[in-house]
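Here are my notes on the model, as numbered points. Have the structure open while you read.

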Amino acid sequence: MTTDQRRVTRGTVADAFAARYGEAPPLVARAPGRVNLIGEHTDYNDGFVLPMAIDRAAWLAFRPRVDQRVVIEALDFDNTTEFDLGDLPRDPAGPHGEGWAEYARGVAWAFGEAGHTLTRGLDGVVAGDVPVGAGLSSSAALELAVARAFATTSELPWDPTAAALLSQRAENAWVGVNSGIMDQFIAAKGRAGHALLIDCRSLDSRLVPIPDSVAVVVLDTATRRGLVDSAYNERRQACERAAAYFGVKALRDVTSDDLAARGDGLDPVTRKRARHVITEDARTLAAADALERGDVAALGALMDASHASLRDDFEVSRPELDAIVRLARAHHACLGARMTGAGFGGCGVALVERAQADDFAATVAAAYEAEVRLRPAVYVCAASDGAAIAPAA
């Protein structure tokens, strides 16, 4: 690994909790960030995605209270939020903005909206090492850690799928971010050593083993989206226009043969947008099959093709993303690389021979900094488990 090596562990939040409250926390919740190996801009088209939970996470040390008060200190932001579970509105009355505290508040609200009564509040200290704004889902990690803690303090059964849905509801309705289900779903249901193929329409999922011979490397370009809501919305609208043209619910229901036969009736931009989504769904399903066969070369080729499609047809890349992907591919140990996330900044992801992963990370980071004059953060990642709770000791 190279650059930006700040790591957060159970001990980080347990020690901070002990310093604040004078005793060790009885419990710690953890939920991971994620990187999407392939399947970009397919989620809101009812398509397929193949994310992996990463070994960077949000950690929440906590103790139950006897009342409904919630007090959480965020070490990363050096501030504390306090609210009462009994005073949350029946409707979201949002959006409330994207401050970290609103994600926690929104999760509490979403429990109630889903019909679950949170009977007890908590005292907590939270910190994480999922880079904020890099497209690695720091918000979903926080949401699922908080959800895991609330379920524990109120003695509610833990259902990962239900927790993912209510956390997504919190982000959509309370915070006001129109995210798909992928981020929360993988944060809830990830498993060490595996990626997870998710059908974003049915929410069926399939664990797919990642061979020990390869490493997944996240390449943070040190650029941030600041998205550009209008560009994102334009692409969603283009997908909706294309689906309407074909008379289907979503582009997931259109094949490449359909596009070839009837696509000339679309304007050129809408046709390109549709072509990306249709071919990306096919690539994602093929990628899961390749992983199950242990065919990492095939997966790498599909990642390369995904980046070209995102760059040329969906047009959500940018020069820094193109540069770091190109430099990654130039390394002899790289099997494939692509931008990951919504685009317009953030991260790339590469599939690399594990034995050469550290050399790859150092080489690509140095080459990128020399060419682009920005210092990247490069993370050699391992697939991790989803949201969980354990004693603090």
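1. A quick definition before anything else: a residue is called exposed when its relative accessible area is over 50%, buried when it is under 20%, and partly exposed in between. Ala-93 has 56% relative accessibility, so it counts as exposed. Please also keep in mind that this is a predicted model.

2. Staying with Ala-93, have a look at its backbone. Its phi is near 45°, which is a positive value in a residue other than glycine. You'll find Ala-93 in the loop between S4 and H2.

3. Asp-78 is another one to check. It isn't a glycine either, yet its phi is positive, at about 55°. Asp-78 sits in the loop between strand S3 (69-74) and S4. With a relative accessible area of 67%, Asp-78 is exposed, because the cut-off for that is over 50%.

4. Which residues have the most contacts inside the largest nonpolar core? They are Val-35, Leu-37, Leu-50, Met-52, Leu-136 and Leu-291, in a core of 50 residues. Strand S2 (residues 48-64) supplies the largest share of this core, with seven residues.

5. Next, a helix pair. H4 (residues 160-175) packs with H5 (residues 182-189) at an angle of about 145°, and their axes are 8 Å apart. The crossing is right-handed. On the H4 side, the residues that meet H5 are Pro-160, Thr-161, Ala-164, Ser-167, Gln-168 and Glu-171, while H5 contributes Gln-184, Phe-185, Ala-188 and Lys-189. By type, the contact of H4 with H5 has four nonpolar, four polar and two charged residues.

6. On to aromatics: the whole structure has five aromatic pairs. One of them is Phe-17 with Tyr-21, a tilted pair with 4.6 Å between centres and 40° between planes. Both residues belong to helix H1 (residues 10-21), where they are four residues apart, about one turn of the helix. Phe-17 and Tyr-21 are both buried.

7. Tyr-44 and Tyr-232 also form an aromatic pair, this one edge-to-face, at 5.8 Å centre to centre and 75° between the planes. What does this pair link? It joins distant parts of the chain, 188 residues apart: Tyr-44 is in the loop between strand S1 (27-38) and S2, and Tyr-232 is in helix H6 (residues 229-246). Tyr-44 has 17% relative accessibility and therefore counts as buried. Tyr-232 is buried as well, with a relative accessible area of 16%.

8. Last stop, Ala-350, which lies in strand S10 (residues 347-353). Is Ala-350 buried or exposed? It counts as buried, because its relative accessibility is 0%. From Ala-350 to Arg-338 is twelve residues in sequence and 6.6 Å in space, C-alpha to C-alpha. Leaving out neighbours within four places in sequence, the contacts of Ala-350 include Val-216, Val-217, Leu-219, Met-303, Cys-334, Gly-336 and Phe-360.

Definitions and conventions: Residues are numbered from 1 along each chain as its sequence is written. This is a predicted model: local features need pLDDT of at least 70, side-chain atom pairs count only at pLDDT 80 or more; totals for chains, interfaces and linings use all residues. Side-chain values use heavy atoms; hydrogens and water are left out. Axes are lines fitted to C-alpha atoms, for helices over the stretch in contact, and angles run from 0 to 180 degrees between N-to-C directions. Helices (H or I, at least four residues) and strands (E, at least two) are DSSP runs, numbered from the N terminus. A crossing is left-handed if the near helix is turned anticlockwise from the far one by less than a right angle, and right-handed if clockwise. Contact means heavy atoms within 4.5 Å. Ala, Val, Leu, Ile, Met, Phe, Trp, Tyr, Cys and Pro count as nonpolar, Asp, Glu, Lys and Arg as charged, and the others, Gly among them, as polar. A nonpolar core is a set of buried Ala, Val, Leu, Ile, Met, Phe, Trp, Tyr and Cys residues joined through side-chain atoms within 4.5 Å. Buried means under 20% relative accessible area, exposed over 50%, partly exposed in between (1.4 Å probe, protein chains only). Rings of Phe, Tyr and Trp (its six-membered ring) pair if their centres lie within 6.5 Å; planes under 30 degrees apart count as stacked, over 60 as edge-to-face and the rest as tilted.
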